Amino acid sequence: MTGLDRKENFIRAVLLLTAFSAVSVLAVITVFIFAEGTPIMFRRGVGGFLFGLNWYPGEGRFGLLPMIVGSLEVTLGALLIGVPFALACAVVLTEFSSPRLRNILKPVIELLAGIPSVVYGFIGVVVLVPFIRETFGGPGFSVLAASIVLGIMILPTVISISIDALQALPPSYREGALAMGATRWQTVRMVLLPSARSGIVASIILGMGRAVGETMAVIMIAGNAAAVPRTPLDPVRTLTSNIALEMSYASGEHREALFATGVILFVIIMVLNTLANASSSRRARGKRG
Amino acid sequence: MTGIRVREVSHYFGPVRVLKNINLAVEKNEILGVIGPAGSGKSTFLRSLNRLNDLVQGSRTEGMIEVDGRDITRPGTSLVELRRRLGMVFAVPVPLPRSIYENLAFGPRLAGVRGKEKLDALVRYGLEQTALWIEVKDRLHQSALKLSGGQQQRLCIARVLTLKPDYILLDEPTSGLDPVSTMKIEDSLRILKKDYTIILVTNNTKQAARVSDRTAFFLAGELVEIGPTERIFTAPADRRTEDYISGRFG
């Protein structure tokens, strides 16, 4: 009896420790980034960081606006390209395909998530960048190239979470609409998609987080010029690329400025995750009501 | 040739035969009660009439089901049109997560009805027929999910009525409701009988006795007996019917 209790307590302690260390690693990272990044922001003025147009670390000028705009543009582009495909795919897989087709396609889509991002970047460099250069002009390394590749990279995230959202709907919604003489497409458009809206929104936000955070593929195909792009064919540098490109040789204030870049990235990702959580918990509440 | 004629109908889910050689007829403007224990095939029977069973993989019907003279088991049948003519109400009320008005206007909109006046009239018609109009007329644009369970179920019946179907199929419509709500729905059914033909599948034997004109008793996929409700409940021809309605099993 007491032996069992002791064993139970021991296991509990071990599990608690494991859980706690995972969380504390996250806490340490957070504290570290903020401790390294925020002093320079306040010393030089947050406004200068957020809205400065010039990034010349050698001259002590740390304007992050080109990278912030770059990240947002590339992410938005990725969503514009990826989300329609992803939603169409999720709808086809849940509503219009035979179980056999679904069983073939779903693992393939999930496999997309397992391909290392450097491979996406490689394909981008070899195929997409020359194609854009020859077809539309410009250097080819561009917002457009990065958006297309990221659009493909977010597909598995958006598709699989949207599928979950659609499949989680009670079958009675589907039956109810069909029994009222709705066609399959009407059922999807007027009942299923609106009812699964919060789950779908969550999937898009998570895909967005993936697009904001992606580094390697973007470095390889975006061109990385630290200037606000004027057209989608101009090169662009994102926040993540900025850190990855310069961290290896940065020191002093330059290094601090890169941590400040990390702080901004961190805040953006936190906001997106919070939105995603809020959206999916609204879904859970809606179901109960 | 009006009404529904079911001839030698067997239904299979994969290898399982859920309905066995069903033969029956539903006449215009009657309420046919369908009773039987759980798993007797009564819901499958109902769903074979509007071919909702088609949603189930490996589902297959043998035999012939004529609705107003046309065999609806044939491949070319327009399911959309069929399901508009045979409106269905489920055991669990499923209002769409929208306003009361939108729930009722949904079906007509699908069917291509446009124009606020026409839609308003249909919404009002549905609500009046189910005695909901007085209860909700001042909050038509509130969420339908805020209604009580009984109101939600009447809303679902009203929603079916807005399509002006010929038949109403009810699949245990009061199984989750309190006695007062049940009574209100039964009252509605008696009124609706004037304009519609109703097939009422119910777990509640007494409900069939209260509202249906004729009653069919299903057991293990077979139609044991069908006849005027009064006779089924006072002088059943089959021993199994008698056992079931007297509460010896089921």
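In the predicted model, a salt bridge joins the side chains of Arg124(B) and Glu128(B), with an N to O distance of 2.8 Å. Both residues belong to helix 4 of chain B, where they are four residues apart, about one turn of the helix. Arg124(B) is partly exposed at 39% relative accessibility, and Glu128(B) is likewise partly exposed, at 41%. In chain A, Arg43(A), Arg44(A), Glu253(A) and Glu256(A) are linked into one network by salt bridges that share partners.

Helix 4 of chain B, spanning residues 116-129, also holds Lys116(B) and Asp120(B), which are four residues apart and thus separated by about one helical turn. These two residues form a salt bridge in which the closest N and O atoms lie 2.9 Å apart. Lys116(B) is exposed, because its relative accessible area of 59% is over the 50% cut-off. Asp120(B), with a relative accessible area of 28%, is partly exposed.

Glu110(A) is partly exposed at 42% relative accessibility. Lys106(A) has a relative accessible area of 23% and is also partly exposed, since buried residues are those under 20%.

Over all chains, a search of the whole structure finds 31 salt bridges.

Conventions
Residues numbered from 1 in each chain as written. Chains lettered and ligands numbered in written order. Predicted model: local features only at pLDDT ≥ 70, side-chain atom pairs only at ≥ 80, totals over all residues. Heavy atoms only, no water. Salt bridge = Lys/Arg side-chain N within 4 Å of Asp/Glu carboxyl O. Buried < 20%, exposed > 50% of the residue type's maximum accessible area, 1.4 Å probe, protein only. Helix = DSSP H or I, 4+ residues; strand = E, 2+ residues; numbered from the N terminus.
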